[in-house]
Amino acid sequence: MPHNLTPRQTQVVRLLSLGCSTTEAGKILGIATPTVDTHKTAAMNTAGVSKVTLLTRWAIVNKVTSMKDTLTVAEKRKRGRGRKKDGWS
């Protein structure tokens, strides 16, 4: 791992960078929304950023995700049905 994130923080950062809300990320990972928030905050502190958009940029630079990365079919299914096609995932 070229970055100092835990495996769970890496998963959370990837999902957030793909446009998932903390609630959707929690559903996909099978954890509570406050737990996702905790991992997000820790990842943001590690990356030294204060906004999710900057965390996304950091994730791309540090190869946590890429511009071509998308949610898998299983992740889309777990995320829930209320989401419209938004062009991101």
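Helices here are DSSP runs of H or I of at least four residues, numbered from the N terminus. The model is predicted.

**Confidence first**

Colour the protein chain by pLDDT. The chain average is 89, and 88% of the residues score at least 70. Confidence is highest in α3, at a mean of 96, and lowest in α5, at 89. Where pLDDT is low, the coordinates should not be read in detail.

**Stop 1: R79**

Select R79, which sits in helix α5. R79 has a relative accessibility of 9%, so it counts as buried.

**Stop 2: R14 and D69**

A search of the whole structure for salt bridges returns three. For one of them, select R14 and D69, whose closest N and O atoms are 2.9 Å apart.

Is R14 buried or exposed? Its relative accessibility is 17%, and R14 therefore counts as buried, the cut-off being under 20%. D69, at 21%, counts as partly exposed.

**Stop 3: R14 and E75**

R14 and E75 are both buried.

With D69 shown as well, the selection holds a network of salt bridges that links R14, D69 and E75.

**Stop 4: D37 and K40**

Move to helix α3, which spans residues 33-47. Select D37 and K40, which form a salt bridge with the closest N and O atoms 3.6 Å apart; the cut-off for such a contact is 4 Å. How far apart are D37 and K40 in the helix? They are three residues apart, so about one helical turn separates them.

Show the surface around this pair. D37 has a relative accessibility of 31% and counts as partly exposed. K40 is buried, with a relative accessible area of 18%.

Conventions. Residues numbered from 1 in each chain as written. Predicted model: local features only at pLDDT ≥ 70, side-chain atom pairs only at ≥ 80, totals over all residues. Heavy atoms only, no water. Salt bridge = Lys/Arg side-chain N within 4 Å of Asp/Glu carboxyl O. Buried < 20%, exposed > 50% of the residue type's maximum accessible area, 1.4 Å probe, protein only. Helix = DSSP H or I, 4+ residues; strand = E, 2+ residues; numbered from the N terminus. pLDDT = per-residue confidence, 0-100.
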